[in-house]
Each structure stands twice: as C-alpha cells, then as structure tokens.
Amino acid sequence: MKIFYKSWFISLAFVVSIFCNNIFSQECDDGTSPIDGYCNGIPALFEHNQSMLQAFYLAENATVNGITISQDDWLGAFRGEICVGSRKWEDCGGNVCDIPAMGDDGQGLTSGYMQNGDIPTFMIYDASADEYYPAESSLNQGWAAYNYIDIDFINVIADCWGTLGGDAFLDDC
C-alpha cells in the first residue's frame, strides 16, 4: 500500500503520524493485525471509535482527479492526526453521503476527537488503487454535536507536480 503525501520533502515519520492513531503500531484498535489493509472491514487508516457525541457531514459529491469515486472507496474525517469517522461510498446509496465525525465525549476511547468549532479535514481511500489521498472540501463550518452539515464536494486533485492530494504551488514546480 502506498500513501501519497502532501509534499515529498516532509519527513515520513511526520506524514505517517498525521493519518490516524494506530499507524505506527500497524495494528487495529482491537490489537489485531490488519488483514489486507482492513480492520473489521474498514480501511486501517479510517478506523475510529464510536462516541456519544456525533455530527454528520453530508457530502453531495466526491471525486479523485475529477472522477466520481467508486462504490468500494471510502471517505474519512480527521481531527489533526486522528481519524474521527468514515463511511464507504457504497453505503451512501449513490446520493448524499453522511460521513460521521465523532466528538470527544470525555471517555478515553474518544480522547482527541472533535470539539465544538473544530473543522475536520477529509481523506479519500481509493480501493482500486489501494491509495489514501488528502482531500479538499467546500467545508467552512465548525463541528457541533448532533449537527448535520452540508458539504458540496470532497475532492482529490493533483498539484502542479501531478501528485494527487499534493500541495505544491505553481512556484514550487
């Protein structure tokens, strides 16, 4: 499995640490090893715990390089380096996709999860390419428990180096 990074010069340790909480241990939250990159049927980097505090981001459109993602692809919500929710595109029925974002409810399993006003970032797991990509979204509203927040799009685009999900600016290329 390859992971495309926002920039090639960022150290691997830093970049790997931003994706999810158990990446260094290469084990699932329940202590087992991922099977073919999945934990309990969820891509390993998108594994998260359930919380009593939840919000849902309603994505109308999700693309990788201008192509709508496939039924096997996943959308993940993150607070910094912590995966706080994910949804398989197939489970959205081809319509608006409700991506959960779990909040920090004071229990140990949700420590570091979303808090009022936080704006999550998103990633797309492209199952056919076995790749995780940082994504851009139209989101500009902060998290609040029990809210439903509309997002027009979650997209992965290529930077000027042609790196999907990259962040090189024209002056860098």
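Student: What makes C83 buried?

Tutor: C83 has a relative accessible area of 0%. Buried means under 20% relative accessible area, exposed over 50%, and partly exposed in between, with a 1.4 Å probe and protein chains only; C83 is therefore buried.

Student: What should I know about the origin of these values?

Tutor: The model is predicted, so local features need pLDDT of at least 70 and side-chain atom pairs count only at pLDDT 80 or more, while totals for chains, interfaces and linings use all residues. Residues are numbered from 1 along each chain as its sequence is written, and side-chain values use heavy atoms, with hydrogens and water left out.

Student: Why is the link from C92 to C97 called a disulfide?

Tutor: The S to S distance is 1.9 Å. A disulfide is a pair of cysteine sulfur atoms within 2.5 Å, so this pair qualifies. A search of the whole structure finds one disulfide.

Student: Are C92 and C97 buried or exposed?

Tutor: C92 has a relative accessible area of 9% and is therefore buried. C97, at 0% relative accessibility, also counts as buried.

Student: How do you know that β4 and β12 pair?

Tutor: Strands are DSSP runs (E, at least two residues; helices are H or I, at least four), numbered from the N terminus. Two strands pair if DSSP finds at least two bridges between them. Strand β4 (residues 54–59) and β12 have four bridges, so they pair, in the parallel sense. Y57 has I149 in β12 as its bridge partner.

Student: Which residues form the two faces of β12?

Tutor: Strand β12 (residues 148–151) has I149 and I151 on its covered face, with Y148 and D150 on the uncovered one.

Student: How many aromatic pairs are there, and why is that of F56 and Y148 called stacked?

Tutor: Rings of Phe, Tyr and Trp (its six-membered ring) pair if their centres lie within 6.5 Å; planes under 30 degrees apart count as stacked, over 60 as edge-to-face and the rest as tilted. By this rule the count comes to five aromatic pairs. F56 and Y148 lie 5.6 Å centre to centre with 15 degrees between the planes, so the pair is stacked. Because F56 lies in strand β4 and Y148 in strand β12, the pair ties together parts 92 residues apart in sequence. F56 is buried at 16% relative accessible area, whereas Y148 is exposed at 60%.

Student: What makes the pair of Y125 and Y132 tilted?

Tutor: Their planes are 45 degrees apart and their centres 4.7 Å apart, so the pair is neither stacked nor edge-to-face but tilted. Both Y125 and Y132 are buried, and together with F46 and F78 they form one aromatic cluster.
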